[in-house]
Amino acid sequence: MENIIHITNRIGTEVSNTLAENDSKLYFQEVVLLYSLAENLLKFLVASNDCWIKTCQRIDEADEKEKRGEQVNENDCYVNFETARQNVKKMNFCNVIEKAFEEHLINENLRIKLDFFRVNRNNLIHQLYLFDNRNDEGTMRDKLIEAEAVVEELIPIFKNLLFEKIGFTDSNLPEIFQPL
């Protein structure tokens, strides 16, 4: 299975092509896709950050244990990434936005944008009166551009956490980065 980074890149290319070609028959589909991607990216951010924090704590505890002359084994540093993924996977979009903000992964401005984004997503998906708007080229193009802009703000945060802070490379990304 592809990891989240490759999927994100493929979706980005697809959305860019849809906009460049003014392929209005795909606007609704692409908006829904970006809504889903944004929520998944945010969940990945929170899960990855939670795992990173817990790993750092476990390593610090093991270091203290070693300083006291106690034996340290690999279980002392083990963090179950799957547990963190499953915990975040159960969260709804609203809760994951708040958690990302509380953990300083996103700033207040992006939190507000994401909350507005979440409300728009819920309206688009759940309210039947918007059904006719899915064929309105101007409305759906605007929604697609808005959705693309929000996702584009999440990607650098995600990359920074994985590649700069944690230190992964494309070749050593763990299995955890499969889509939620």
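Which side chain meets that of K65 in a salt bridge, and what is the N to O distance?

Mentor: The partner of K65 is D76, and the N to O distance in this salt bridge is 3.1 Å. The two residues belong to distant parts of the chain, 11 residues apart: K65 lies in helix α2, while D76 lies in the loop between α2 and α3. A salt bridge here is a side-chain nitrogen of Lys or Arg within 4 Å of a carboxyl oxygen of Asp or Glu. Side chains of opposite charge can pair when their charged atoms come close.

Before going further, please note that this is a predicted model, in which local features need pLDDT of at least 70 and side-chain atom pairs count only at pLDDT 80 or more, whereas totals for chains, interfaces and linings use all residues. Residues are numbered from 1 along each chain as its sequence is written, and side-chain values use heavy atoms, with hydrogens and water left out.

D76 counts as buried because its relative accessibility is 17%; buried means under 20% relative accessible area, exposed over 50%, and partly exposed in between, with a 1.4 Å probe and protein chains only.

Helix α2, which holds K65, comprises 41 residues, 27–67. Helices are DSSP runs of H or I with at least four residues, and strands are runs of E with at least two, numbered from the N terminus. The expected span of a helix is 1.5 Å times one less than its number of residues.

Just after α2, G69 takes a positive phi of about 90°. A further salt bridge joins E70 and R68, with an N to O distance of 2.8 Å. E70 is partly exposed, because its relative accessibility is 37%, whereas R68, at 55%, counts as exposed.

Elsewhere, R118 forms a salt bridge with D115, their closest N and O atoms being 2.8 Å apart. Both residues lie in helix α5 (residues 108–126), 3 residues apart, and so are separated by about one helical turn. An α-helix has 3.6 residues a turn, so residues three or four places apart point the same way. R118 is buried, with a relative accessible area of 15%, and D115, at 25%, is partly exposed.

Salt bridges also link E39, K43 and R121 in a network. By the rule stated above, the count comes to 14 salt bridges.
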